[in-house]
Amino acid sequence: MSNEHDIATLQPVTPLTLHVLVALAQGPLHGYAVIKAVARSSEGTVAPGAGTFYSAINRMEKQGLISELPGENDHAAPGRPKRTFELTARGRGLLQAETARLQRLVDEARAAGAMSAPTPRG
Amino acid sequence: MIRGVPTPFAVLYSALCRLLPRRFRQRWAASMQQLVSERIAALGPHAALSRRLRVLAGESADLVRTAVREHRRGPDTYLPLPDPSRSPSLRVHMFQDLSFDLRFALRSLARRPLFALVVVLIIGLAGGATTAVLTLYESVVLDPVAFPEPERIAYGYGRSGQSNYVSIAPLDYLDYREQSRSFEHLAAVHSFHEDFDLTGDGDPIRLRGRGASHELFDALGVPMAIGREFLPADEAEGTRALIISHDLWLGRFGADPDILDRPITIDGEPTAVIGVLPPGFRWLVPTDVWFPLPFDAERMQVRRFHFLHLVGRLRSDASMDQADAELDAIAARLGTEYPETNDGWSVTLEPMTEAAGGDARPALAALLGAVLAVLLIATTNVATMLLSRSTSRASEIAVRSALGASSGRVARLVLVESLLLATLGAGAAALTAIGLVRWVTSSFATGLPAMPSIEVEPGVLALGVGLTLLAGLAFGLAPTLRLARGDVASALRRARGMVAQDDRARRLLIGAQIALSTALLIGAGLFLRSLWTLESQDPGFRTEGVVAARIELPASRYPFEEGTARQFVARLFERLAASPGIEAVGGTSMLPFRGGNDLYTTRADMAIEEEGSGSSPQFRTAAGDYFETMGIELLAGRDFEPTEGGWPPRVAIVDEQFVRSLFPEADDVLGRRLLLQVGDPIEIEIVGVVSDVMHFGLERGLYRWGSLYVPYSGGGLSVVMRADQTAAAIDALRGSVQQLDALLPISSIETTRDIVRGSADGSRFRAIVVSGFAFVAVLLASVGLYGAMAYWVAERRREVGVRLALGAAPVSIRRLVLRRGLGIVGGGLLAGALIAWVALRAISSLLFGIDSIDPITVAAVTSILAGAAMLACLIPALRAARTDPATALRSD
């Protein structure tokens, strides 16, 4: 109960947050891979800069939606670990809540006829 | 560090990362840079640099936005951030942050108003002066000519013997045009202007006109706004056709679209306007109308008369040097074909841009050097001040950090303060620049080429202000970066350690400022001396109490042959001589310093082919008591009789220079006969010799072939009057002319004093400006010295306290400070003198009659600087001597 209440306070999420959640839903990824996944799933409409991206990651981590895995070394830059992130249970819960909300929205739009071509009037 | 872009850009991004809150930066900055590297790498190994930089630019902007957001959020809140696209309040937050920083910066500056004021003034003065000189430089030197491809336009003068900038004869021009292969178009223009009266359509006004061949506007690449250019058919005597300037068309004819269909009245005769020039067209001197050169007229058929300059557009495959050589070769051929007239004559070719900006360029270059020196002093001054301030703030910063402010936050506060100072300074600079340019263009109109209309352009202002802002930012960033590095304890430690190396740096900086100030002061001294030498030249005529005005007697109403002009002038002079207050009246065809008009003259007692038989003296007419009015002394013989007017003249008066050049061996030339080479040579007799007169300004000295005067017979006249009340004399002139002929306009009213002073305008301009810069430089250097000494004293409070406690006399403390200050100054003086000595070579062309740095100038400069240094050191010295040992030892 308290979990759902917590999650509700985080809704609605920003497009970037949503796409990150979706990207990580399929498994842990490192930074650049997340961005690529976000670009793909958003069809290019969500393209954050490095600062915005890590700002969101930082926030999502503090909100307990994602966590960082101890990572292996990046071969391109020895000594610099590739930061890998994965969804937490809370994150998964938020993702489910948000997709459900969006699905309700899509259904309502379809019922209002927004999904078909507009009929000419007068 | 970001890979895939040039290092400076990667460094810039890393530096910007400093704007992030510390914890965020420590956690994520490396990943961010890695992400950016990967993004750039994803563009592909062959991606253009511009693409990579564009990505980096976008990332940098995003970084700054993130920094703001993270600062606003604070380190430990988990609040969801409102979606920027949904909530307008984010922007409000950003502004709240910024406004807090601004208010804080304003408050902290208000606590030290003198510091703020001084910094703003320094930046304003230096930045403004730089912008002003850059504006002048850009308008006059870099871009003086507004024609297409101006570097392909050549301007040609005649050259003979030592005179490089005289004129060309019409027939010679035609030969050049026919035989030369280097030009697309080769045109000729009159080397002097002619004035015309415009009547009808309003008050009569005087127009400035110039003759040109039909190729002129093709050569310049200027199409007519309305109508057409001249055609070869227009170049016949008697053609009454004009091309008028755009300003004249707008101002006088109200932009009449039918201007081509109705004639205007010039000198009483209907004249057709066949073309209107486009707006923005400007000639080397202001010109209202252009008329075609009548190549079939008699005076155009004589190779002895030189009164044209060339304007040519080079062919795309020809260079200026090639064209010059080609014209010289043609001139040589003409010299053998027509030895009596063309032997020794050739052509000087120059790029048009030089003809336009020519005289002013070396002066402006020197000024640019001076202003950059001042800018250097100013920026080092500001740097020192801001550095000192940051050091003294170290403890304030330490306290803030201890109280929880992240060093990033504090650094940002300092940055905002520096930016605020820089912005205020930039505003002051803009105002200064605009004021300076306006002052220069209004006071020194004759010192600068008229061609460009000089205004502070937004582009140059942005550059000057930008330089200033950049300097301000650099000084702001330096202390900021130092502060942002690390924690409280090390900051304090560093503050103490900074003293030693800062000391040396400061001493060097101040020494450099003193050196530059010395050089500028010496320069100022030289320019002032040069001006004084120039102005003490004797032009050969009275400069006090003589006023002149121009009257043009149009041939239509005062036909040459009937002598009506002479009668008018005689009657006019009668009235004027009778007017109270007018002591003497006379007239001449052209005043000294107002142009040239030479006429080839030969000795009647020698054959023309003989060497030394002829010369080209300046040809003038004289009416009334011209010589007496102008204070030109009659050395031998007599003045003209009233009956001797009329054309052709029979008598002439020459000056000593003429005698020296054409009759070097003779004692007495009275009674000698000369031949004026105008078509059929006119024989005249020398009846008088007068003292020399300068014709082309104080700097050019005497014209090498002297002057030849004949009695006035008609045409334009400059009336000269000697009177103690020049205004009353002009009124009398106006009244008399009005009574005799109401349609005659009077123009160009000026005193001989103005004429001579105007000739020195260029020198005066340079002297005043360099002196101004020198003054500012000394002021700035003194302020810098004061700051350095004050700081030095403050740092040594403990040591001074110890000395005083051990029994040292206050006077010894004072001496200590002064000695240190003077030591710095002494070194600077020597270095500055060296700089000046080297620079002297570069500016010697601008100095009149000065070839070395004289001891007086050196002594004056040394005493000025020593005095300023003493003053600057005085207060710190006195304060040091008054230190209370007890408090000094206690505090730290």
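The model is a predicted one, in which local features need pLDDT of at least 70 and side-chain atom pairs count only at pLDDT 80 or more, while totals for chains, interfaces and linings use all residues. Residues are numbered from 1 along each chain as its sequence is written, chains are lettered from A and ligands numbered from 1 in the order in which they are written, and side-chain values use heavy atoms, with hydrogens and water left out.

Chain B contains 26 helices and 24 strands, helices (H or I, at least four residues) and strands (E, at least two) being DSSP runs numbered from the N terminus. Of its 892 residues, 53% are buried, a class defined by a relative accessible area under 20%, with exposed meaning over 50% and partly exposed the range in between (1.4 Å probe, protein chains only). Among the contacts in chain B with a separation of 6 or more, 81% involve residues 24 or more positions apart, a contact being heavy atoms within 4.5 Å.

For chain A, the accessible surface is about 6800 Å², and carbon and sulfur atoms contribute 56% of it. Chain A has five helices and three strands, which follow the pattern α-α-β-α-α-β-β-α along the sequence. Buried residues make up 41% of the 122 residues of chain A, and residues 24 or more positions apart account for 58% of its contacts with a separation of 6 or more.

Helix H2(A) is mostly covered, eight of its 11 residues being buried, namely Leu16(A), Thr17(A), Leu18(A), His19(A), Val20(A), Leu21(A), Ala23(A) and Leu24(A). These buried residues of H2(A) pack against strand E1 (29-30), H3, helix H4 (50-62), strand E2 (66-69), strand E3 (84-87) and helix H5 (89-111) of chain A. Just after H2(A), Gly27(A) adopts a positive phi of about 140 degrees. In H3(A), the residues Gly31(A), Tyr32(A), Ala33(A), Val34(A), Ile35(A), Ala37(A) and Val38(A) are buried, and the buried residues of H3(A) pack against H2, E1, H4 and E3 of chain A as well as H2 of chain B. Just after H3(A), a positive phi of about 55 degrees is found at Glu43(A).

A cavity is a set of points, on a 1 Å grid over the protein atoms alone, where a 1.4 Å probe fits but cannot get out, and lining residues have an atom within 4 Å of a point; grid points are joined across faces, edges and corners, and a volume is the space filled by probe spheres set on the points. By this rule there are 10 cavities of 30 Å³ or more, and the largest cavity holds about 90 Å³ of space. The largest cavity is lined by 11 residues, of which Gly31(A), Tyr32(A), Tyr54(A), Gln34(B) and Glu38(B) lie nearest its centre. Two elements, helix H3 (31-41) of chain A and helix H2 (22-41) of chain B, each give two or more residues to this lining, and the largest share, four residues, comes from H2(B). The lining divides into four nonpolar, four polar and three charged residues, with Ala, Val, Leu, Ile, Met, Phe, Trp, Tyr, Cys and Pro counted as nonpolar, Asp, Glu, Lys and Arg as charged, and the others, Gly among them, as polar.

Gln677(B) lies in the loop between strand E20 (673-676) and strand E21 (682-690) of chain B and counts as buried because its relative accessibility is 4%. Leaving aside neighbours within four places in sequence, Gln677(B) is in contact with Arg304(B), Phe305(B), Leu599(B), Tyr600(B), Thr602(B) and Ile608(B). Its side chain makes a polar contact of 2.8 Å with the side chain of Thr602(B), a polar contact being a pair of N or O atoms within 3.5 Å of which, within protein, one must be able to donate a hydrogen and the other to accept it, residues adjacent in sequence counting only if both atoms are side-chain atoms.

Most residues other than glycine have a negative phi, and most peptide bonds are trans. The peptide bond from Gln11(A) to Pro12(A) is cis, with omega near -15 degrees, and Pro12(A) lies in the loop between helix H1 (2-10) and helix H2 (15-25) of chain A. Ala255(B), in the loop between helix H8 (246-251) and strand E8 (264-266) of chain B, has a positive phi near 55 degrees and is partly exposed at a relative accessible area of 24%.

Key
1 Å grid on protein atoms, 1.4 Å probe; cavity = no way out; pocket = protein on both sides within 12 Å on 5 of 7 lines; lining within 4 Å. Areas by Shrake-Rupley, 256 points an atom, 1.4 Å probe, with all protein chains shown as cover.
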